Amino acid sequence: MKAFANMNLAQRIQIVIIPLIAMLFAIAGLILNHFSKTQTINTAIIEAYVYIDKLEEFANIVEGKTGPGLSSNDIFELKEYFSKPAFRETDYPSLLSKNGEYLIHATRQGGRLPLEVVQNLKKANSKQGYLYYNNISETKIEKRILVYKFYKPYNSWIAISISPSEVLKQIRANRISMILIVIFASLLTAFIIYLTLKPVSRRLMHLSIRLKQLAQGEIPNHIKNGDRSELGILSDSLNKLIDGLKNTTEFARQIEQNKLDFNFKPLSQKDQLGMALIQMRDSLKRAFEGEQIRKQEDEIRSWFNSGLAMFGEILRQNNNNLNILADNVIQDLVNYLNANQGGIFMYNDNDTEKNLVLLSSFAYNRKKFIHKTIMLGEGLVGTCALEKQTIYLKEIPSDYIYITSGLGEATPKSLLIVPLKLEEEIFGVIEIASFNEFPKHQIEFVEKIGESIATTLNSVKNNIRTRELLEQSQQQREEMAAQEEEMRQNMEEMQATQEEMQRKNIELEVITGAINQTLISLSLNDDGIIVESNSIFHETIGYSKSELEGMLLENLISPDERKEFDHLWQTVLNGQSVTATLHLIGNSNRERYLLATLSPGFDTLGLLIKILLIGHDVTETKKLEFMALQQAKEIENNLQTIKKEQEISNMRQHEMETLLKALDQNCLVSILEPNGLITYINNMNVVVLGDKKEDIEGKFLKDIDYNAKNNPKEFERFWKLLHDGKKQNREFSLNVKGETKWILENFTPILDEKGKLYKIINIGYDITLNKQKEQELNNIISQLKEQLKK
Amino acid sequence: MATQRMQVTDQDLLYFVNTIKSTSRYDFSEYSDKSLKRRLQKILEDYNLDLTSLLTNLRLDKDFLEKVVKEITVNTTELFRDPPVWHLLRSRILPRFKSNKTINIWHAGCSSGQEVYSMMILLNEMELLDRAKIFATDLNTDVLEIAKQGVYKYRFNLGYLDNFDKVIKHNPLNFEEYNDVPYEKYFDIDKVRDTITMKKFLTERPIFRKHDLVVDGNIFFAKFDLILCRNVIIYFNYSLQNKVFELFHSNLYPKGILLLGMHETILGPWATRFERLGQAYIKK
C-alpha cells in the first residue's frame, strides 16, 4: 500500500484504471454472453414452437386422411415428418403420450420420458410450454429443454427436446474473439488513458514542482497554460498566486526600501497577506508621517529655540546702546525669518505726546536711514501699538511699503506687525515684510521675541533714562554749584551794599546831626506841608513840633511875601534848589527871617518826593539891616563892589588860566606848596625831562632837587627868598637820555590876600636848543616878566 | 568739610593784597576791607588752602592768580536789574539824547553783559540804538566771554522775563500803556537747553574789553554821554570811590550822566560836581 501511496497519479491510474477497465470489459463480455445464451435458448425455444406448429399442420393433414384418432396409419404417415432433427443434430421432434411415451421419435420410439418430467409436465397443465429436464443416459446426464404442445386429436404432446449445449455451440465458437476484442479494447483504452493522462500528469508535475518551490518559499516561474480546464484554472490560480507573491514580495521589498507609495493591489479582498502588508505599509506610512511631522516639529522647535537663544544673546550684548541694539535685532530678525525688510519702532511716552519712533529699519540686506514718527493709532503700526495685537496681512496695500529696493524687485506680499509688549505694556512695534507668507510658528516666534525685545527695550530705556537722570543730576549739581556761587555773589553784593549804605548812613547822620544842631531843618511834601521839623526851628518860630506838623509852610510866610514864595516854590517843584531869605511870622506874631536853601528830593524814578529846607536865623542881621538900612545899603554896595572885584579877579583868573594854558603848552610848569611839596607837574616835564608824573608829584622839592643836594646853602637861600615873596630864577642842565638839556626855571611865589605864601609856581623853559640864542630868549623872558608884573 | 577755617585777619588781607600787587598788575589795596576779607575767606575755603599756601601759589602760578582774581570779583547782574532804574533811564535820561548824533555809552563793570543787552533793548525800543556806541568792560575775562556770547540760563533766570515785562511792556507812569513786544524780537528761549540766547544783531554790536577801573583809566578814545557803573563801587573804599568818580567825571561829556547802583551814592568832594536825579548823576 505504501508503494502505491508513493506512486504518482499516472502510475496509479495505470495500475488501477487499466485492470479495472479490463475487468469491466470482461464483466461486460460475460454479461453479454449470458444474455446472448438466454437469447439463443429463447430463440431456439421459439424456433421449436414454430417447428411444432408446422408438425401440427402436418398431423392435421394426416388426421384428415386417416380418420379420427391415432391409428397406425397416422403413425406411419407422420413418421416421416418426425424422422429428422428439426434444426440441430439431436432435436428430434417427438410425439409424446400423456404418460410420457414416445409415440413417435426417431430414435426413442417406444421410450419414455423420465417420470419426474412427466409429472412436471402434468403439473404444468398447459397446452404449450417448455421445461428443463435432465436427460439421464448411460454415460451422461444431459440438461435438456422440452418444448411441447398438446395435440388434442392424438391426445398427445408434440414436443421437441432441445439441447442447450447444442444451441450454444455457435456462441461458444465466438467467445475467444470476443475475449481478444475485450483485451484489445482494454489495452486500447489503457493506452488512450495513458496518453490522456500523460500531459495531465506532466502538468501536475509542474504544478507540484512549483507548489513545492512555493512551499520552500521560492517564487517559481509561470506555468504555461492555455486552457480552461481544472488544471488550467489551477495553473491560472498558481500563476496568479505567483504573480501575487511576486507583487507582494516586491511590495514588501519596496516597504523595506521605505518606498511607501508603491502601488500595490491585493489579490482580492480576502488576500490576507496583501491586506496585512497594506496594513503594515499603512501603519508604517502613518508612523513615517508621524515621524515626518515630529521631525518637522523638532526642526521648528529647534529653529524656535536657537532663534530665542540667538536673539537673547543679541539683546544681552547691546543693552546699552539703543540704536545698535535695534539695528542688530531687526537685521537678524529679517534674515532669520527669510523676510526682506523690517523696521523696529520704539514707543515714546513723554509728557507731551505719545508716538512711535522708527529706531532702525533694514531692507534688502541693507540698513536704511529713515526717520519716521508715527502717532499712536496712526496707520497699521500705530493701530498695532494701540490694540496691542499682532497684525498679519497676506496682502499689502501697494502704497504701504515705504522702502523700495530701487532694484526693481517685487513688492513684498505679506506683512507682519507685532507689538513689543510686556504684561500689556507696549514698548514698541516690529514690522516685517516678506515675499513669503509667515507660517504660524514664525509669527509665534516674533511674538515671543517681541516680549524679550520689550523687556530689553524697557531695561535699555531704563538704563538710558537712569543715565540721563544721572547726567541730569550731575548737570543739576553743577548748575546748583553755579547757582550757589551766584547766590553767594548776590549775598556778597548785598552785604557790600549794606556796608556801603551803613557807611553812608553814618556819614549822613553826622551831617544831619550837625545840621540839626546848628541849622534849621524842615522836611516838606510837594504840597508844601511840613512833615518834619527840628528843635532849632521850633525855638525860632515858637511853635511846638505837633503844632507844626501838617501845617502849610506858606501859612508861616509873611502875607506880603507869599506871592514871591509861590514863585520860589514852583522853581523848587521844577527840580531846582533855591536859596532865599524867608520872612516868617511865628507864634504870637514873632517875626523871623531865615536864610534858607530849599532842595527838592527825588526818588529813583526821578519823581519829587520831598523838599528839604535848611537855613539859619538871620533875624538879628535883618534887624540890624533894618535898623541900619544905610549900613545895609553900604554893605550891598560893598557887596556889589566885591562882586565886581570878584568878576575882575575871575577875569584875571581866566586870563591867568589862559596864560597858564599857553605856558603849559610851551613851558615846564610845576606847582609847589609853601613847604616845597610838588603837587603838580605838567606834561612838558614829562616830555622834556622824562620825569614821570607819579615820580615827581607828592615829592618835596628839596628831596629831588639837584641844587638842594649839591649846594644846600644856595638852595636854602633860594628858598628863603621865595618865602619872602621874591621870584627866583635859575638855570640848570641835566642829562636826559644822553642828551644835555638846559632848563631855565622861574619860581614865582603866590601870596594870598593876607600876604602869606600860598603857592609857588615854577615855570621852566627848555633852552637847550636855543643856548646860542640865550640873549634873545632872555629878552623874551624879561618881556614876559614885565607882562607878569603888569 | 574740613575744620572751620580761621577768620581772615586784617594782616592776612594785607599780605594777600600785597602779594597780588607785587606779582601782577591788579591792585586790591583800596577795595572795601570787609568785602575783600569775605571773598578771601571763600577762596581759602573753596581751595581748601591756608593763607601761606595760597600766597605761594599766587606767586608761582600766574594762571592760578588770574583764576583767584576772577573769583574775587563779584559778578551779580540780571536783565533789566532794578526795573525802576530802567524806568528812570527810559523816562528821564535817555530822552535827553534824542537829538544827539551819537550816544556813547560805557558799561563799566558789565559783568556777564545782561545790563549791556538790557540797554540795547531799551535803546532799540526808543529807536536810539542806531546812534548808540556801546562800550562794555569788566575785570573778569570769563564773564566778558559770556557777555560776548549773550547766552544765559533760562530757568534760573525766569526773573529776566518779569523785568523785561516791567520795563519794556509796561510803563509805571501810565498803567494803561502796554507794549506787546515779543521776547523773540531780542532773544530766543530754548526751554529744553535751558537757555536764553540774545539775537545776533545785539551780540555783535557792543565792544567788550577787559578793563581794571583801579589802574586802567579810560581805554577808549572817546568821551561818554552815559556811563553805567552799577554795584561796583560798593566794593571800593572811599578813596578809590572818589578816584573812580573823578575818572568818570573827566570822561563824561558835559551834561553826561553817570548811573550808579540802586544803593550807591556820591558823597564827598565829587558830589558837588554832579547834579543828582535818582541814581543818575548829571555832570554839571
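This is a predicted model: local features need pLDDT of at least 70, side-chain atom pairs count only at pLDDT 80 or more; totals for chains, interfaces and linings use all residues.
**Chatting about chains A and B**

Visitor: Is Lys152(A) buried or exposed?
Guide: Lys152(A) is exposed, because 8 other C-beta atoms lie within 10 Å. (Buried needs 20 or more other C-beta atoms within 10 Å of a residue's own, exposed 12 or fewer, and partly exposed is in between, with C-beta atoms placed from the backbone.)

Visitor: Thanks! Where is Lys152(A) placed?
Guide: Lys152(A) belongs to the loop between β4 and β5 of chain A. (Strands, E, have at least two residues and helices, H or I, at least four; both are DSSP runs numbered from the N terminus.) In space, Lys152(A) is 9.5 Å from Gly69(A), C-alpha to C-alpha, although 83 residues separate them in sequence.

Visitor: What order do the strands of that open sheet have?
Guide: The order is β2-β1-β5-β4-β3 in chain A, with antiparallel pairing. (Strands pair if DSSP finds at least two bridges between them.) At the edges stand β2 (102–105) and β3 (128–136) of chain A; each has a single partner strand, so one side of each lacks a neighbour in the sheet. On average, neighbouring strands are turned by 30° against each other, direction ignored.

Visitor: Which residues does Leu95(A) stand opposite?
Guide: Leu95(A) stands opposite Ile158(A) in β5(A), and also opposite Ile104(A) in β2(A). Strand β1 (residues 93–97) of chain A has 5 bridges to β5 (residues 156–162) of chain A and 3 bridges to β2(A). In the hairpin of β1(A) and β2(A), 4 residues sit between the strands, and Gly100(A) takes a positive phi near 85°.

Visitor: Which helix lies across β1 and β2 of chain A?
Guide: That is helix α3 (residues 72–82) of chain A, running at about 55° to β2(A). (Angles run from 0 to 180 degrees between N-to-C directions, and axes are lines fitted to C-alpha atoms, for helices over the stretch in contact.) Helix α4 (residues 115–124) of chain A also packs on the sheet, touching β3 and β4 (141–151) of chain A.

Visitor: New topic! How do the axes of α8 and α10 of chain A cross?
Guide: Helix α8 (residues 322–336) and helix α10 (residues 440–518) of chain A cross at roughly 170°, and their axes come within 11 Å. The two are therefore roughly antiparallel. (Under 35 degrees counts as roughly parallel, over 145 as roughly antiparallel, 65 to 115 as roughly perpendicular, and the rest as oblique.)

Visitor: What about α1 and α3 of chain B?
Guide: Helix α1 (residues 10–23) and helix α3 (residues 51–60) of chain B pack at about 10°, with axes 10 Å apart. That makes α1(B) roughly parallel to α3(B).

Visitor: And how many residues of chain B are in contact with chain A?
Guide: 25 residues of chain B are in contact with 19 residues of chain A. (Contact is when C-beta atoms, placed from the backbone, lie within 7 Å.) Helices α2 (33–47) and α5 (83–93) of chain B each supply at least two residues of that side of chain B.

Note on methods
Residues are numbered from 1 along each chain as its sequence is written. Chains are lettered from A and ligands numbered from 1 in the order in which they are written. Two residues are in contact if their C-beta atoms, placed from the backbone, lie within 7 Å.
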